[in-house]
Amino acid sequence: MMIDGQALDRIYSRIVARDLDSAIGLLNSLPANTQTNWEAHRAWGLIECERGNFNSCIEHINRALALNSSDATSFVCAGRAYRGLGDLRSANLNLRQALAIEPGRFDAHLNLALVLWSMKDFLRARTFFENLLAMGAEIAVANQYLGHICEESGDFAGALHHYEAAYRHDPQSEQALSSL
């Protein structure tokens, strides 16, 4: 059975606001016949990911994906959870699947860039951080990592350019300031 769209919107707005107790309350108040809906599993997965319960997150997301294998949000959530567990290969695969479904999804680009960075695949990470800049999203974070990549490759002028851009976009960032 489908979950009411307004109920889902309320649940997701609570998750985004990191008011997870309210989101859990709303999920628990859903009719029993909707508790096994893919959207309910996805919502539980998102909550568990935010709580750092990555194994539980993956269980819920796998249930959601078994019922709807074309949901990019579930693949991004799985990628974040696998990254949290240190399973970078599975994170990489899930985030690439999310991008195959929704190529312009900025959170998939960001998380994949971070996974590739963690895998020390700086060339590919650079591509995804640059994609973020082209999309106008995550400007400070992308510039900070691009600065590190440039610095590692000996391009100190490029590093300074990206560090300055990171600082311009987030002057409160201690990391951006310390990189200058």
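Me: Is Cys49 buried or exposed?
Reply: Start with the relative accessibility and compare it with the cut-off. Buried means under 20%. This is a predicted model, and in it Cys49 has a relative accessibility of 5%, so Cys49 counts as buried.

Me: What is the relative accessible area of Cys77?
Reply: Read Cys77 in the same way. Its relative accessible area is 1%, so Cys77 is buried.

Me: How many disulfides does a search of the whole structure find?
Reply: First, the general idea. A disulfide is a covalent bond between the sulfur atoms of two cysteines. To call one in a model, check the distance between the sulfurs: the pair must lie within 2.5 Å. Here the search of the whole structure finds zero.

Me: Which cysteine has the sulfur closest to that of Cys77?
Reply: Again Cys57. The two sulfurs are 3.5 Å apart, and that is too far for a bond because the cut-off is 2.5 Å.

Me: Now the fold. How many helices and strands does the protein chain have?
Reply: Count the elements, then read their order. The chain has 11 helices and zero strands. Along the sequence the pattern is α-α-α-α-α-α-α-α-α-α-α.

Me: What box do the C-alpha atoms fill?
Reply: Take the extents along the principal axes. For this chain they give a box of roughly 60 × 30 × 25 Å. Then look at burial. Of the 180 residues in the chain, 46% are buried.

Me: What share of contacts join residues at least 24 apart?
Reply: Begin with contacts between residues at least 6 apart in sequence. In this chain, 45% of those join residues at least 24 apart.

Me: How do I read the packing of two helices? At what angle do α1 and α3 cross?
Reply: Read the angle and the distance between the axes together. Helix α1 spans residues 5–16 and helix α3 spans residues 38–51. Their axes come within 10 Å and cross at roughly 10°. Angles under 35 degrees count as roughly parallel, so α1 is roughly parallel to α3.

Me: Which residues make that contact?
Reply: List them helix by helix. From α1 come Leu8, Ile11, Tyr12 and Ile15. From α3 come Glu39, Arg42, Ala43, Leu46, Ile47 and Glu50. By class, the contact of α1 with α3 has seven nonpolar, no polar and three charged residues.

Me: Next pair. How far apart are the axes of α5 and α7?
Reply: The axes are 10 Å apart, and the helices pack at about 25°. That makes α5 (residues 72–85) roughly parallel to α7 (residues 106–118). The crossing is left-handed.

Me: Which residues of α5 and α7 touch?
Reply: Val76, Arg80 and Arg83 of α5 make the contact with Asp107, Ala108, Asn111, Leu114 and Val115 of α7. The classes come to four nonpolar, one polar and three charged residues.

Me: Last topic, the backbone. What is phi of Arg18?
Reply: Phi of Arg18 is near 60°, a positive value in a residue other than glycine. Arg18 lies in the loop between α1 and α2. At 58% relative accessibility, Arg18 counts as exposed.

Me: And where is Lys120 found?
Reply: In the loop between α7 and α8. Phi of Lys120 is near 65°, also a positive value in a residue other than glycine. Lys120 has a relative accessible area of 62%, so Lys120 is exposed.

Technical notes
Residues numbered from 1 in each chain as written. Predicted model: local features only at pLDDT ≥ 70, side-chain atom pairs only at ≥ 80, totals over all residues. Heavy atoms only, no water. Axes fitted to C-alpha atoms, helices over the stretch in contact; angles between N-to-C directions. Helix = DSSP H or I, 4+ residues; strand = E, 2+ residues; numbered from the N terminus. Parallel < 35°, antiparallel > 145°, perpendicular 65-115°, else oblique. Left-handed = near helix turned anticlockwise from the far one by under 90°. Contact = heavy atoms within 4.5 Å. Nonpolar A, V, L, I, M, F, W, Y, C, P; charged D, E, K, R; others polar. Buried < 20%, exposed > 50% of the residue type's maximum accessible area, 1.4 Å probe, protein only.
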